[in-house]
Structure formats: structure tokens, C-alpha cells
There are 2 protein chains.
Amino acid sequence: MPPRQVIGIDVGATKVQAVLLEGGNVVADARGKTPTQGGPLALVDTVRKLVEGLSGPRRPALVGVGVPGVVDDDHSTVRSAPNLIGWVDPFDLGAALAEALDARRVMVENDVNAGTLAEQRRGAARDRPDLLGIFVGTGVGGGLVLGGELRRGTTGAAAEIGHLTVRPDGRACRCGGRGHVEVYAGRMAMERRARALESRGRDTMLVDLAPARRMSSSVFAKALSAGDVVAAELMDEAVNALGIAVANAVTILDVPIVVLGGGLAERLGPSFVGRVEQAARTRLFFDSPVRVVATSLGDQGGAVGAALVALEAAAA
Amino acid sequence: MPPRQVIGIDVGATKVQAVLLEGGNVVADARGKTPTQGGPLALVDTVRKLVEGLSGPRRPALVGVGVPGVVDDDHSTVRSAPNLIGWVDPFDLGAALAEALDARRVMVENDVNAGTLAEQRRGAARDRPDLLGIFVGTGVGGGLVLGGELRRGTTGAAAEIGHLTVRPDGRACRCGGRGHVEVYAGRMAMERRARALESRGRDTMLVDLAPARRMSSSVFAKALSAGDVVAAELMDEAVNALGIAVANAVTILDVPIVVLGGGLAERLGPSFVGRVEQAARTRLFFDSPVRVVATSLGDQGGAVGAALVALEAAAA
């Protein structure tokens, strides 16, 4: 029988989210800032403090951790995590955390995989065995559940939706590719594009709202609702790129549901999700019943999913 | 224990291929023309004659049939088969053949699914649990095996590689879509394009070699080896479209092997397959070990796969 308590951690580029699950429900949560100095060891310390705050003096039995990177088959070693500052070499996060926390078992999983699993087990795609998860934030990530199980792929890189080619001669992606989804629908690339357009003389409140600091999802939401033309253009490009990506993924996988989450999707709300579904539908070859729906677990999904990964591994 | 003998049938747009498998090996084969009149009932008669030729007076126990169309979950009813003349309404091919052949069991499967399964069980991807099959002929079809099992998808339409969008603003596909793989890499669309270019004044031996009749894969091969410029341009477009499709499919699925078959691939040989792999590699986000390889069962693959579908269903 699996233990009743499990802790889930979601490591993001800017914040670390933690939840305590008891009998499958979130009974407590906490969050901290992702350290920008000190690399992996500083993160271990941040996680330790969050876990101690949640589980108190009791030794935590089970901990699941989602990280924005490629995780080895051992569910312990983070092979690469380009969005985490100071993470250069592979790092055995599972072992380091098990020691720091004196935990019985620590499972590490890709954050988007964890978020997708959570939506399938407890969220918007509850009880649907097959689904694609797409998370639109700084970049664009994806996760895939087939037959009720995460499909990680041969190299652990399945469902990298952000790097699907949607415009073969399109703009350059930071990965070196061209015309990828992330170039049009990732917040960081959209910010870069907005600043470039402004410097070429286009007028946009996107830059006024975020002159020097990060152009957040709420900045995009504000500019859009104020009728900013550049923001609307960028959003059209994002919707179109995501629509092509969804259509192509459904043409390959024939899944009945796509869950769309992440900061940008949450901030823009149901109209954004509906527009992506519509854009996909015009591109679909067969009369697919596919629905594109919003995540229902919001920004706790990754942490809940990480907890579930640990819980299910312990029960297996 | 499964019966030792099984008959496999592959119904193509122009020919019907039949094989007799004994102990897993092809011990006899036969082929006939796909009837162009009489619809489904005429096809049943064609298949009956081929089966009688192969199995003699003995009643065939097990028969598997691959058809170019959408097959219902019952593995019996062909819901639609647009490339078969006179097939308008859904037709219960399994029941009709079981009666005509007095067979114990008839299993119907999509032809490309059958071909992909055959390459996984007996062909170029032997013992690889995950693979994508792409078949380039009149159109472009695909099949997907994950974890050793065919993935048919929610509506039975998974892996419709021919209708992936590779150029969002590209040429119109016969399905009504735009910029699909099939527009650039399907023989029928390439023929249409060659004739259109010639009528606009481009000089090409493709039209000289096939002035009125079907521009076959061997016509393309001949023109290419003679240095025909239009043929080379069309082939570049086909390779590029297939490369984007493979890269996108691998980005979603993270499969380690793609098997490329069909008339055009077989006729053009290893250099074509190698060029598609190269085109895919330049588009891939992560350092995928994916290989693109030629089918090894050739045009018998579909019939062998259909036989295996029947054999495995009987053993289950």
C-alpha cells in the first residue's frame, strides 16, 4: 500500500512551488524563489526549506520533483536544464535531495510531463487515457499520455511541441532551428519580437508597460484588452502556430483531447484556448472530435504531477 | 495455439496482392487486378479467386485483409475507401469475405497499418518496439507502432502523415487542406504539378514519357537519372516535405526509427531514403538518434502485415 503523504515540487525558472498531498488531495502548499546564484546546490537548499515547512519535523517519505529539463531514465539525474541558471553539467538531483531531506524516495521528472500527468489523473482530462498537454510560458513545452501512461520517448524528449516546425522558412528559434512553434508562441520570443518591432518604429504599449523588465503574460493580456495592434498581431501568430501544432500532433496521434496551460494560456483565458482549437480545426484532415481545453489545476499542476509520479512509482 | 496457415491480402488502388504464410514464412503468393467496376462485391470475387488459388480446395482458416481506407474498430467494416472505385457507403468486407471464402475468421485492417506492422514484426524495424512507417505512393500514408502494438488512434486515423501541414500557405491538397505533405510527395500530386509546369512552358521529359497515361514512379526515376530539371525540383520538394514531416513526427513521438516505403521510395532507392533522413536531421530540435530506413519487405509488406494481424488476433 502506498504511503498516505507525498510531497510534490515544481521547479520553475523563477519560482519553486511545493504541495503536500494527503489521500490524493492538496492539504498544504508553499512557494519560494528559484535561486539565481549557487546552481544546483542552492536549489537543493531552497527545496529543503520548503519541504521542512510543509512536513514539519517528520521525515518525508516520498518526494516528487518536476524540473524544466531533460531527466535521465533513472528519474534522478537532470541531464540538462538550460532555463535554470548555473546548471551546466548533469546533476543527480534525486540523490542530492534524498540526502538533504533524509527522504525514503525522491523521483525526478520533467516538469511538463508532470503537469500533463496531473491533468490526466486529476485535472481537465481526468479519466481520458490519451492526451497531449501543451504549456505556453517562457517557452512552449509539451507532454504526452498514451494509454494512461506518460510517453517519454526513446531519448526522453517526446512531445517537444515548442520545437515543431510550423513555418519552414520562418523566424530563427533560440535552439538554432527555424519557424518553430516557440518562436511564435513562447513569451520570451514574443517579447523579443515586440521590442524589435518597436525599435523599427511600430507603436506598442507592450514596451511602455515593460520598458526594461520582463514582458510578462499579464502585460500581453493588458495590451490586448486595450486594443494594442502589435499585441494583437503577435497573438494571432501565436494562435496560428499553436493551431498548426495541435493539428499536426492530432494528425499523428489521433488523441481526443489537448490540454493547454502555462502562464500565457492562464492569463489570456478561455478565448485564447478556444481560438487555438478553432485554428487547429481548420487544419485538420479528418473529422476529429478533438477538443482543446484549459488546464484545471493551474500553476499547482506541475507540483501535483510530480507528487503523483512519486506516489505511483512507490505503488508499482 | 495459432493455426499454422494464414492468408494475407493487400488491396491496392490498382492491384491485389495475396500471400500464404506457413509457420511465419511466405510459401506462395499471387496477384490480381483491382476491379474497376462492380464496387465491393467485385472485389470480394477477386479476393475469392486469389485465395482459392493459394489454398486450393481446403477451407482457409484465417484471412487478413489490408485496404486503403478507414476500418472500423470491429476489424470488419470499411467505413470509407476513397481510392477504391465504386466504394461509396461503408461496407462490411469482413463478413462478405467470411461468407464467400467460408473462412473461420477474416480480419480487416488499414493497408498502411498492416505494412507498418509487417516491417516491425518481420522487416526493417524487426524487434524495435516503436516505429513510424511512411508509405509514399499515389498518396502518402503512415502507420505507427508504439510498444510493439499498432496505435490506431481514437478515430482510427492516427499517423496520417500525408496530411501533416508542412507549408501553412502552401499548395492546395485534394483533401481540401493546404500545404500538406501529400501535395509535395504524393505521386498523383507530383504528376499534376509536372503537367501544370509543362503547360506553363517548362520543358520536362516527365510529360514526354507519360503523355496521357499515369506518370508512374518509374517515369520519375527515369527523368531524374536523365537530369530532368523539373523532375529534380519536384523531388527536392518531396524530400523537403518528408524531411519536415519526419522531424515533426520525431519531435512529438521520439521514435528511434522511421521506415520509408511505397512505390516512389522503392523505385528511387537508398539515395532517396538517405536524403529524407538528412532533411529531417537539419530540422530536429534534439540530438535524436533516429534513422530513416527503407522497407525490407517491399510490396509484399502489406499482405504479410494483414496476415500477421489475423494471426495475432487469433492467438490473442
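Predicted model: local features only at pLDDT ≥ 70, side-chain atom pairs only at ≥ 80, totals over all residues.
Residues are numbered from 1 along each chain as its sequence is written, and chains are lettered from A and ligands numbered from 1 in the order in which they are written.

**How the copies meet**
- The copies meet through the same surface, because 100% of the interface residues of chain A are also interface residues in chain B (contact means C-beta atoms, placed from the backbone, within 7 Å).

- β1(B), residues 5-11, is mostly covered, with six of its seven residues buried; buried means 20 or more other C-beta atoms within 10 Å of the residue's own, exposed means 12 or fewer, and partly exposed lies in between, with C-beta atoms placed from the backbone.
- On one count, β1(B) pairs with β2(B), residues 15-22, in the antiparallel sense over seven bridges (strands pair if DSSP finds at least two bridges between them).
- A hairpin of three residues links β1(B) to β2(B), and Q5(B) stands opposite E22(B) in β2(B).
- β1(B) also pairs with β4(B), residues 62-67, in the parallel sense over four bridges, where I9(B) has V65(B) as its bridge partner.

**A three-stranded sheet in chain A**
- An open sheet runs in the order β5-β6-β7 of chain A, with antiparallel pairing.
- β5(A) (70-71) and β7(A) (91-92) stand at the edges with a single partner strand each, so one side of each has no neighbour in the sheet.
- β6(A), residues 77-80, pairs with β7(A) over two bridges, and T77(A) has D92(A) as its bridge partner in β7(A).

**Two loop residues with positive phi in chain B**
- H75(B), a residue other than glycine, has a positive phi near 55 degrees.
- H75(B) lies in the loop between β5(B) and β6(B), and counts as partly exposed with 19 C-beta neighbours inside 10 Å.
- D127(B), also not a glycine, has a positive phi near 70 degrees.
- The loop between α3 (111-121) and β9 (131-136) of chain B holds D127(B), which is exposed, with 7 other C-beta atoms within 10 Å.

Technical notes. Contact = placed C-beta atoms within 7 Å.
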